[in-house]
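Me: I would like to learn how to read a model that contains two chains, taking one feature after another. Could we go through it together?

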Amino acid sequence: MEGMNVFAARLFPKDNRFVSGHRACQGCAEVLAVRLIHQILGRNTMVASATGCMEIISSSYPDTAWSIPWIHVAFENAAAVASGIEAGLQILMKKGRMPKRKINVVGMAGDGGTADIGIQALSGALERGHDMIYICYDNEAYMNTGVQRSSSTPYGASTTTSPAGKISIGQQTWKKNVTMIAAAHNIPYVATASPSYPFDLAEKVRKAAKVKGPAYLHVYSACPTGWRLDPKLAITIGRLAVQTGAFPLYEIENGKLKISVKTPKLRPLQDYTKPQGRFRHLDDATIAEIEKRLFEEYQKLERREGLIF
Amino acid sequence: MATQSAKPKWTELAVGTAITVPGSARQNRTGDWRSSRPIWNHEECIRCGVCVIFCPEGCIHFDQDQPGYPSADLEYCKGCGICAHECPTACITTQEEEE
């Protein structure tokens, strides 16, 4: 147990809005992230969810794991529907049809629904400045339909549409930096979070709910099935991703970047790639190449820290 | 799995096939997916709650009566083993289920 940062789990809100009995795989960290986030947001929340793992596992008709208003929308328009809900609530409150109160409107989608298919709806919603939270659960491929590559899949990962073999090394492009794309909209709050650091996640969700205007959260969610990972390592791998620089945790509040979990010396990338079957084919040279790139990216973040951009 | 005795006719469905019962997934007893169950050793458990917070199912709770050790709701526990792996005192062991 290293890098332990959980001290007061008893103080975590117990108001569970995502009940047991959902059909997520064993050791799914994405569903853990959903549960923790909605424990923080509480009952005054409305969710618009794009197609993806979280939709099929939580709401297989006629059951639902949600005990808050939740709507399933098409793959591309989670952000558009969430912004519509927010605008609708605002006008209803203005006309006096419902009491004025703070309602968190959440748009949620996976990395496919955010980085590939839903990016124009997301960009529109962020640009219009709706008071909503958009959460991307990043499990780095289309896991729902059977591990197809997305633009969020990291370099070298083997998926069914970027299989590793004699000629191919797996995914041949680098992970798209959607967090920075969201930050480029000059919205008040952008952050990356991971359920492996639950108190950091909780703090970020609270901040995102508090700000006036759009907030974007990019949540790292380990997928034991798609990454060919032992289910019990799902939390550890999230911690390793932060410590090796594969998924640095930072937040951008009103344009000011702050690294939340500082790693003065990044761990060797081998620690992160070794337990995962999707990286098993990589040789040392490729891993060194990826490591170099991750180190450069991390240095870039460190240089930006504290600056307003 | 889900125990629906009689399927509703299409005329009986809500508009937009909305689900009107919140949290009705509780009737899925996902515990039968499990191949091994977590066992807490109460002598070593420090009741820190790491297992409670990291359970993807949300099925580990502190017992209501004192001294309040955590325990898993085996109706839903899928046996992923995250609690046993993350426990700081390694007080949770996983035991194979026997038929």
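Me: How far apart do the C-alpha centres of domain 1 of chain B and domain 2 of chain B lie?

Reply: Bear in mind that this is a predicted model. The domain assignment divides chain B into domain 1, residues 1-28, and domain 2, residues 34-96, and the C-alpha centres of these two domains of chain B lie 32 Å apart.

Me: How much area do chain A and chain B bury between them?

Reply: The size of an interface is often given as the accessible area lost when the parts come together. Here chain A and chain B bury about 3200 Å² between them, with 59% of that area on carbon and sulfur atoms. Of the area that chain A buries against chain B, A:R10, A:S20 and A:Y61 supply 19%, which is more than any other three residues.

Me: How many residues does the contact take from each chain?

Reply: The contact takes 38 residues from chain A and 40 residues from chain B.

Me: Which charged and polar pairings link the two chains?

Reply: For charged pairs, one looks for a salt bridge, and the count between chain A and chain B is one: A:R239 pairs with B:E86, their closest N and O atoms being 3.1 Å apart. For polar contacts, the count between the two chains is 15 residue pairs, both residues being at pLDDT 80 or more.

Me: Which elements give two or more residues to the side of chain A that touches chain B?

Reply: Those elements of chain A are α1 (29-41), α7 (198-210) and α9 (234-243), and the residues of that side of chain A divide into 23 nonpolar, nine polar and six charged.

Key. Residues are numbered from 1 along each chain as its sequence is written. Chains are lettered from A and ligands numbered from 1 in the order in which they are written. This is a predicted model: local features need pLDDT of at least 70, side-chain atom pairs count only at pLDDT 80 or more; totals for chains, interfaces and linings use all residues. Side-chain values use heavy atoms; hydrogens and water are left out. Contact means heavy atoms within 4.5 Å. Buried area is the accessible area (1.4 Å probe) that two parts lose on being put together, summed over both. A salt bridge is a side-chain nitrogen of Lys or Arg within 4 Å of a carboxyl oxygen of Asp or Glu. A polar contact is a pair of N or O atoms within 3.5 Å; within protein, one must be able to donate a hydrogen and the other to accept it, and residues adjacent in sequence count only if both atoms are side-chain atoms. Helices (H or I, at least four residues) and strands (E, at least two) are DSSP runs, numbered from the N terminus. Ala, Val, Leu, Ile, Met, Phe, Trp, Tyr, Cys and Pro count as nonpolar, Asp, Glu, Lys and Arg as charged, and the others, Gly among them, as polar. Domain bounds come from an automatic or database domain assignment.
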